[in-house]
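Open the model in your viewer and keep the selection panel at hand. The tour goes from one selection to the next and says what is there.

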Amino acid sequence: MSTTNSPLHQAQILLEPWMENFNQPEPNRLDVVIASQDLLSAAGALETNHWGYLAAITGLDHGVEQGSMEALYHFCTGPVTLTFRVSLSRENPVVSSLYEIIPAAIVHERELQEMFGILVENIPDPSHLLLPDDWPEGVYPLREGFDSAELAQDYQPDLTEKTDRQDGCFVIPIGPQHPALKEPEHFEFTVDGEIVTGASVRLGYAHRGIEKATEQRTWVQNLYLLERICGICSHIHATAYCLGVEQLAGVTVPPRAQAIRELVAELERIHSHLLWFGVAAHEAGFDTLFMYSWRDRETVMDILEEISGNRVNYSANVLGGVKFDITDEQKETIRSGLNFLDERLHHYMNVVTKDTAFLQRTRGIGVMTREQADQLGTLGPTARASGVERDIRVEAPYSFYNDYPIPMVVETAGDLEARFVVRLKELLETNKTIRDILDRMPEGDLKTRMPRRIKAGETISRVEAPRGELFYFIKSNGSDKPARIKVRAPTLCNMASVVTLAIGHQLADIPVILAGVDPCFSCNDRAVAVKPQNNGWQIWSWEQLRQHGIDFYQNKDLVKPE
Amino acid sequence: MREIVALLFFPGGLFIMAAGLAYEWVDRKLLARMQNRLGPRWFQPLADTVKLLIKEEIVPEDVHAAIFTLLPIFALTGPLTAALYIPLAGFEPAYSFSGDLIVTIYLLSLLTLCTGLAGANTLDRFSLVGATRTLTQMFAYEAPFLLSLLGPAIVTGSWQISEIAAYTNGSWLAFSQPIGFLVALIGLIGKLEMPPFDAPEAETEIVAGALTEYSGRGLAFFHLGKTTELVLGLSLIAAFYLGGVTTPLAFFAKTLALLFILVGMKALVARLRIDQTVGLWWRYVAMLALAQWLVVILWRGVAG
Amino acid sequence: MKIVTMAGDVLQSLFKRPVTRQYPHERVEPPERLSGCLHWDAANCTGCGLCEKDCPANAIELIVLDKKEKRFVIRYHLDRCIFCGQCVVSCPRSCLDLSSDDWELAALGKELFTLEYGDIADVEDARSRILEADVGQSARA
Amino acid sequence: MGIDLQNTIMDRIATWARINSPWAIHFNSGSCNGCDIEILATLTPRYDLERLGVKLQGSPRHADVLICTGAVTRQSFSRLQRIYEQMPDPKFVVAVGSCALSGGVFQGCYNCTGGIANCIPVDAYIPGCPPRPEAIIDGIVKLLHSLREGPDSTTESQAETENRRFA
């Protein structure tokens, strides 16, 4: 407990001057009530003392009767979460932007603004992050009383062609349909010859409105809705949700079920990383590597299909446990699959670190320093490739990671090569952990009974998805439907780095840099979509871009005046 | 009569196009097998071409329609004409005159030029970048490729393909001029925009490069032009460097062996960026080709 | 520093049979647990409606014609189903099953995706009731 | 008579070429990625769609078949229509996955318009969440089959499957 308490204690001391009230709902959480005018100073105090990072901003609408809203700023470090609760009036909700202190806050704030209609003052770019361009003014989907049927009725798609050409600049659009993107997002890169001088992103093509939808479905139905935020990391989304709901309900999941959850999560990591590995190689124009890595990926897909019955959305979780057992026969299949993969992974490691032609495309490209990675709020393997030690499985072990620990893999180079190496090394560790689980799998039940109505309360659930930390905020009001679920997927945080890193590179490097952070827009938007929060950089405005371009490259030639 | 046959059936026209499609199949099939896949069926390139020919052709707005329609035809004409001057399938070239080597090299460049123009003609941004890259790459590989083909010409003391082929018949210049041979081979990859030098049509960056806006017949013509050029290039290199292609057996064996090397490169090497491509060509390959050239000239001076 | 690190793989593949499965000419048994089309066993059904309630995609409609006589029709929307198996877990009498061999479901028209399980007469009955309800609704409108 | 014969032969050749060379383009209209990776998987060594002549193209101008996934978010609605318009005739649309068929699990979400068929005409539907790569190939084969035989034959064989399920 002392390890958990000391950072929170420290935070309590730091925040003393502004703290109106506080409570500790769970041992690893501290909720601090802050007045909206004190927000900047309080966040500044954390930032100057390097206390944690901003993980997410959640909006809460308490409804017309109470007439109030709340913005929750979640800061995390290690296993603890510190939450600023800022109360706002429903008629005139205003907060000030944390952009000056925490540049990474802008995405979260823009999401807050468009989803709740909370005005964020001084935000550099107030445009839509996730919602469509033709979204009606003054309609905020996550506020209480928003009716999607009403909206759908008078929806007329805007079919006019939008021109995105900038005067005097040559703009290369990538997306929403583009061979480099398997998902619809829209990037625009301004190029001078082959050199990229500016970049912007439009998210929201995959924004489906999942967070709102969760409030209309039962706890059970939401499990599958949230699983489909992302088809690549489906299991981890469902797991994060289950962990949170079980925590709220006060239910303990049988050990065997927890072991199976971790097993599937790690198998999913193999599938996700190999998928990414192939796609990144394809972006770099190395199709043979793509074909081979996807061939080998079929091994793990077969395993997943055999144990769960589905190749992608395994539906392994139910609330209170898991659906299926692992038989001894299946354990053998998994072991032999892992042996094959181990051998192949060593081979690929050799390829990415030795192949001259491939290294030309990865070594020293898209370098992100530790400071940048920290400042841009990157997560997961992208951050770890730059030497930032952030891995929830190690820092705040959930589920069964205490019993089957996994070491953290960190590289320091920060370039594309390091991102390849980090992920491959991670897979080797993952394989060891899976073997460990198979060898020492506890006996017992697969699930416990779950109530259909969940006790009122709030909880936070953080897990390590293949792409980085996944953050869930779940609030129940005691009914059979959640009051609010907020999802912040890792890609939201990582997108910022793409836009920043792209400037000054060759156009040809862009797809690889983009692939390098392993973006998952469905997570992003979906998640984002899922909840009001997560998405990303719809864009950096040109001002921001320029600012960053100047800051990071100090090369005025590369940044064209408008 | 002989002219009509030469123009329409052999070696121009039908034969060279059929050979092109067959070689394209070998290319795709080999690549697939190297990637542990089954690969396309034998008639795949033919089906692709026929399908493209009967498909609707969309002429985008804002382009010069006549140029848009005519460019593919010119692009195909270049290699088809060049086929008349190159020894194919064990036969002498259909036509021959002093200096036809130079004409042939220009005819072979026509396809690249047309591709570049086609890209520049459409206002699509991917096409424009593709066109820039195509032309940039052309300036990079064209000089070393030319130099590498001139090596055998200097040894022979003639600018006529049939004479050079007759001279090199039986003597494997690949051993006496290894650098020239390598440069010619790599030059051919660059010319055909095959991986690893496929930056001009890098799918993940600029969709399909200069040809992004082409559909139907236009695309089919460019496509045919490229496969035809593949056969011609292979045949030329085999004739100059691999001891001649005077029998059908020698022709097919040697060109397919060369194709195998090409496909191997394709499978094993990651795509180079356009700046890396240009750097590689001018900094190393062109210098090497020049060195080889000088050696050949000096050697001739000393010996002759 | 090597130029061709993948040469071994490539050469091996040339002389080996490719891993390609020539589906549909060559079929491999799908795994036992595969989730395919939903099948319903009418005999045990009590008409509790849990499957309909828990389905996250509204793929199941349970039409109760007569609860005492156990006359139920299940209308299953294949195009909505996400094959998650929650209905199978929820069903207290194990009447539902995601078939492991009925998975080649593609079709050229959407009308084939609405499946009705139950006694033929019951299905007819259910259909006419729905039709009546529809007529009633449009009449009111 | 002569002209008829000629026409028949030309038609046959055209159909043959179309069936054997379906170049595809893939558009994700806001799906979860599950279907998209399975579509990509059909191109990899295990399934290798190139053996049926399918080639994934980047430009809509080169494609014959639009493989479409997702529940069509409002933001991607017009993009999808534009891509469809950019494709040259004859063109076919395959909707992959439950979301693309009906909205699937995203029915009723405020930003989803629910299904590809609301946006552009669809020629083949492949249910699944996501469909296995084999099921995707099955759908494409059924589409190609219908091109050869005309749409009726496939419907008949489907009806048989249907009866089996009833029984």
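Domain bounds here come from an automatic or database domain assignment. On that basis chain A is divided into domain 1 (2-125) and domain 2 (210-499). This is a predicted model, in which local features need pLDDT of at least 70 and side-chain atom pairs count only at pLDDT 80 or more, while totals for chains, interfaces and linings use all residues. Residues are numbered from 1 along each chain as its sequence is written, and chains are lettered from A and ligands numbered from 1 in the order in which they are written.

**Stop 1: confidence in chain A**

The mean for chain A is 77, and 80% of its residues reach 70 or more. Confidence is highest in helix H11 (residues 328-354) of chain A, at a mean of 89, and lowest in helix H20 (residues 542-553) of chain A, at 38. Helices (H or I, at least four residues) and strands (E, at least two) are DSSP runs, numbered from the N terminus. Over residues 526-562 of chain A the pLDDT is below 50, and this stretch has 128 contacts in the model beyond near neighbours in sequence. Two residues are in contact if their C-beta atoms, placed from the backbone, lie within 7 Å.

**Stop 2: the sheet of chain A**

Select strands E1 to E5 of chain A. They form an open sheet in the order E1-E2-E5-E4-E3, with mixed pairing; two strands pair if DSSP finds at least two bridges between them. Which strands are at the edges? They are strand E1 (19-23) and E3 of chain A, each pairing on one side only. Further in, strand E2 (residues 29-34) and strand E5 (residues 80-89) of chain A pair in the parallel sense over 6 bridges. Axes are lines fitted to C-alpha atoms, for helices over the stretch in contact, and angles run from 0 to 180 degrees between N-to-C directions.

**Stop 3**

Show both domains of chain A; their C-alpha centres lie 27 Å apart. The contact takes 17 residues from domain 1 of chain A and 17 residues from domain 2 of chain A. On the domain 1 side, E3(A) gives the most, with 6 residues. The residues of that side divide into 11 nonpolar, 4 polar and 2 charged. Here Ala, Val, Leu, Ile, Met, Phe, Trp, Tyr, Cys and Pro count as nonpolar, Asp, Glu, Lys and Arg as charged, and the others, Gly among them, as polar.

**Stop 4: two helices of chain A**

Select helix H8 (residues 234-249) and helix H9 (residues 255-283) of chain A: their axes come within 8 Å and cross at roughly 145 degrees. A:His235, A:Ile236 and A:Thr239 of H8(A) meet A:Arg261, A:Val264, A:Ala265 and A:Glu268 of H9(A).

**Stop 5: chains B and C**

Here 8 residues of chain B are in contact with 9 residues of chain C. Helix H2 (14-34) and helix H12 (248-268) of chain B are the elements that give two or more residues to the chain B side.

**Stop 6: the sheet of chain D**

In chain D, 5 strands form an open sheet in the order E2-E1-E3-E4-E5, with parallel pairing. Strand E2 (55-56) and strand E5 (124-126) of chain D each have a single partner strand, so one side of each is left without a neighbour in the sheet.

Terms used
pLDDT = per-residue confidence, 0-100.
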